[in-house]
Amino acid sequence: MMVNNMKDLNFLKRNLIAYHGIYDNERIFENTLQSYARANKYGYLIQLDIKMMACGTLICFHDDNLKRMLHVDQNILDISYDELSYISKYQIPTLNEVLDFIKGSVPLLFNIDTSLKKNLLEKAVAEVLDNYEGEFAICSHNKKCLKWFYKNRKDYVTGLVLDSSNYLKSLLFKKCDFFSMDINLYNDKYVRKLRENKFIIGYLVKTPLEYSNKKSVYENLVVDNILENVE
């Protein structure tokens, strides 16, 4: 396995983090090479989700179901990539395609939340990322997922995603390098206190006003497709 020597977390605050790239879901769709290219143009880090299909192909797509984006009530895990390509009105990239496209030009944050038996997804993702030379981190709501990486890929940078569904007692979780935290979860004073002992990213910033109010509170912010012109 390639050792990435990434425990220095400064790369996570090099620039804002673009949530699914920069897109309008009309001409340029979220989690596509085109949306990543626009984020890359501004030097943003990119947060994207990894899903595994029935055929074992790893794709970069946010939802477990196709209904929101493709208007088809079909679960990702139940179809193959060939079937998805036939259904989709735009190209949904595989993980390998994304890595070949970015080529280390900006850091990537991979969100992995789907839970599969025997850590099948974690193992498949690690097999791909072991050979990637760019900077990246893994984040997840799922503590079991992060525990697997903590045990099996100690060199990977990992973060626990905290929101209203899982934050109770989660601040005690030690087997990760950072927290990615809902900006509405705690008050700003408390977040600043937490940062004395933990690297904390805030999400999801949706307006310029939120950006202005939160930019000094967190180490960095995940922004939703709105901040191309923020200085």
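Predicted model: local features only at pLDDT ≥ 70, side-chain atom pairs only at ≥ 80, totals over all residues.
**Exercise 1. Where in the chain do R153 and D130 sit, and are they buried or exposed?**

Step 1. Start with the contact: the side chains of R153 and D130 meet in a salt bridge, 3.0 Å from N to O.

Step 2. Find them along the chain. R153 is in the loop between α6 and β6, while D130 is in the loop between α5 and β5. They're 23 residues apart, and the pair links distant parts of the chain.

Step 3. Check the accessibility. R153 comes out at 15%, so R153 is buried. D130 has 9%, so D130 counts as buried too.

**Exercise 2. Which helices does the salt bridge between K214 and D188 link?**

Step 1. K214 and D188 form a salt bridge, with their closest N and O atoms 2.6 Å apart.

Step 2. K214 belongs to helix α8 (residues 208-214) and D188 to helix α7 (residues 188-194). That puts the two 26 residues apart.

Step 3. K214 is buried at 14% relative accessible area, whereas D188, at 22%, is partly exposed.

Step 4. Look for a network as well: salt bridges that share partners join K13, R195 and E219. The total count of salt bridges comes to 10.

**Exercise 3. Why is strand β6 largely enclosed by the rest of the structure?**

Step 1. Go through residues 157-162. Six of the six are buried, so β6 is largely enclosed by the rest of the structure.

Step 2. See which way they point. V157, G159 and V161 go one way, T158, L160 and L162 the other, and all are buried.

Step 3. Four bridges join β5 to β6, and the two run parallel. A137 stands opposite V157 in β6. From β5 the chain crosses through helix α6 (residues 143-152) to β6, in a right-handed β-α-β crossover.

Step 4. Then take β7 (residues 178-182). Four bridges join β6 to β7, again running parallel, and the bridge partner of L162 in β7 is M181.

Key: Residues numbered from 1 in each chain as written. Heavy atoms only, no water. Buried < 20%, exposed > 50% of the residue type's maximum accessible area, 1.4 Å probe, protein only. Pairing = 2+ DSSP bridges. Right-handed = clockwise from strand over helix to strand, strands pointing away. Salt bridge = Lys/Arg side-chain N within 4 Å of Asp/Glu carboxyl O.
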